[in-house]
Amino acid sequence: MDLVRDTKSIIEEGEKEEENKDRISNLPDELIHHIVSFLDMKYAVQTSALSHKWEHIWTSTRCLNFNSCAFRTPRLFAKFVKDALSHQNNHVEESKVQLTLTGAATPSVVKSIVNNVYLHNVRDLNMTWLTTRKFHQFPECLFSSDTLKHLTLATGDQSFYLHKASCIPKVAWNFPALETLCLRSMHLGDKGDESLDLFSKCVNLRDLTLHNCCMYGLKIFNICAPELSNLTIRATSYPDVVNVVAPKLENLTASVRGTINRFPFKYVSLQLSTEGFDSLEKVNLSLSMPYYEPKRFFPLLLSLFQKIHSTKYLVINLDIIETLSLCLDQLSLEPSPFDNLKCLKINMVSQKQKDHIPTVPTQVRNYFLENSPSATLIMDLPQVPQKRSRQQEDDETMAKKVAKLKTEKKQPETAAQGKRLL
């Protein structure tokens, strides 16, 4: 019995020693920095009190997360951002800065924060402005930086509020080094504006994403970017015309119809203008079928297909097929615009009727493939789960019962062996 007690004592002491060991501090520095990068900077700074090793960890993290909700006032937050950036090591320009503004952040406070971020030549900025106000006016200084390479801007507005007023300055943005730009829930331009050209000075822009942006009432929205390779545009409402001048565009993803029904038809449909897409490789178009007058989108689709005729890979959804199918007689008279098509993929929505598999009318198939007879047609059908037979269900139930009985049988045997050892 003494041997047993001594053994238990040794085990308990070893367990206590293991519990007291600082395992996190013994991790590789790269892994520690990765863990800290997920923390808000306010709490990342507080890790300096953990031990001597952690004292300067936060000053060299590659992802700086700043959230104003952790501060009583916006001015205190602005001061913290300034101090935290000034204590970063010499590689701060290689870090990714994420700014989340909440509460009553004033334009002057936002301007102060942005100026401090740009002062350190940050190359990657992700900024979200969440507030109870329905109007955001981003400071003009935000849209000028010689070093910024990646920018994401977003607001917390609901899409049906976005038609109130523009939240950005209506001048060409000065980002000569910018490569990636993502705008989310932003209002671009005001009703009655003749034209808006934001990206003409972004001479190195390669990836542009406009997600849930509102261009209601704008006549022409220009996307002029000589190096643009990837364009994604899914808007709540569209201008009269989206004019794209991008000779190196390879990938285009677009929603044909805006996401708000309350606007007039011309503001919920994508009207594309272009000088030609000579480098186009892949196009992904989606249409959410309207509940009323879906035939209105038929001529719009034909116009879009003419603009993207040089694409090699075309992805469309089932609603586009159904819209074209409403005017088969007219479609049969239209020549196929696709001469270089290698693959046509049709994405199907989840089916409610398991036995119903949508078909592509011959007229629709010919419209896409007549001039590209060697192209591959792929119909991405939804996976309908197969119903298991009664025998399969009985076998599975029996297997579970057998496994449970084996487990219950082993438990008394294990307990008995434990008593014999003591």
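Rings of Phe, Tyr and Trp (for Trp, its six-membered ring) count as a pair if their centres lie within 6.5 Å; planes under 30 degrees apart are called stacked, over 60 edge-to-face, and the rest tilted. How many aromatic pairs does the structure hold? There are 12. Take F71 and F80: they make a tilted pair, with 5.0 Å centre to centre and 40° between the planes. Both F71 and F80 are buried. Buried here means under 20% relative accessible area, exposed means over 50%, and partly exposed is in between, using a 1.4 Å probe and protein chains only.

Before I go on, a word on where this comes from. This is a predicted model, where local features need pLDDT of at least 70 and side-chain atom pairs count only at pLDDT 80 or more, while totals for chains, interfaces and linings use all residues. Residues are numbered from 1 along each chain as its sequence is written, and side-chain values use heavy atoms, with hydrogens and water left out.

Back to rings. F305 and F338 have their ring centres 5.9 Å apart and their planes at 65°, so that pair is edge-to-face. F305 sits in helix 6, and F338 in the loop between helix 8 (328-331) and strand 15 (343-347), so the pair ties together parts that are 33 residues apart in sequence. By the way, helices (H or I, at least four residues) and strands (E, at least two) are DSSP runs, numbered from the N terminus. F305 is buried, at 0% relative accessible area, and F338 is buried at 0% too.

That takes us to the core. A nonpolar core is a set of buried Ala, Val, Leu, Ile, Met, Phe, Trp, Tyr and Cys residues joined through side-chain atoms within 4.5 Å. The largest one has 104 residues, and those with the most contacts inside it are F66, L188, F199, F221, I223, F305 and F368. Which helix gives the largest share of this core? That's helix 6 (residues 297-307), with seven residues. And look at F368: leaving out residues up to four places away in sequence, F368 touches F305, L314, I316, I321, L324, S336, F338, L341 and L344. Contact means heavy atoms within 4.5 Å.

Now some strands. Four of the five residues of strand 11 (residues 251-255) are buried, so strand 11 is largely enclosed by the rest of the structure. Two strands pair if DSSP finds at least two bridges between them. Strand 9 (residues 230-237) pairs with strand 11 in the parallel sense over four bridges, and T232 stands opposite T253 in strand 11. Strand 11 also pairs with strand 13 (residues 282-286), again in the parallel sense, over five bridges. There, A254 stands opposite L285 in strand 13.

Next, helix 5 (residues 107-119). Helix 5 has 13 residues and reaches 18 Å from its first C-alpha to its last, close to the 18 Å expected at 1.5 Å a residue. That expected span is 1.5 Å times one less than the number of residues. The buried residues of helix 5 are V109, V110, I113, V114, N116, V117 and Y118, and they pack against helix 4 (74-86), strand 2 (96-101) and strand 3 (124-129).

What follows helix 5? N121 does, and its phi is positive, near 55°. Most residues other than glycine have a negative phi. N121 is in the loop between helix 5 and strand 3, and at 39% relative accessibility it counts as partly exposed. N212 also has a positive phi, near 55°. N212 is in strand 7 (residues 207-214), and is partly exposed at 25%.

Last topic: charges. A salt bridge is a side-chain nitrogen of Lys or Arg within 4 Å of a carboxyl oxygen of Asp or Glu. The structure holds six. One of them joins D190 and K170, at 2.5 Å from N to O. K170, D190 and D193 are linked in a network of salt bridges. K170 is partly exposed, at 41%. Another salt bridge joins K248 and E227, at 3.1 Å. K248 is in the loop between strand 10 (241-245) and strand 11, and E227 in the loop between strand 8 and strand 9, 21 residues apart. K248 is partly exposed at 42%, and E227 is partly exposed at 25%.
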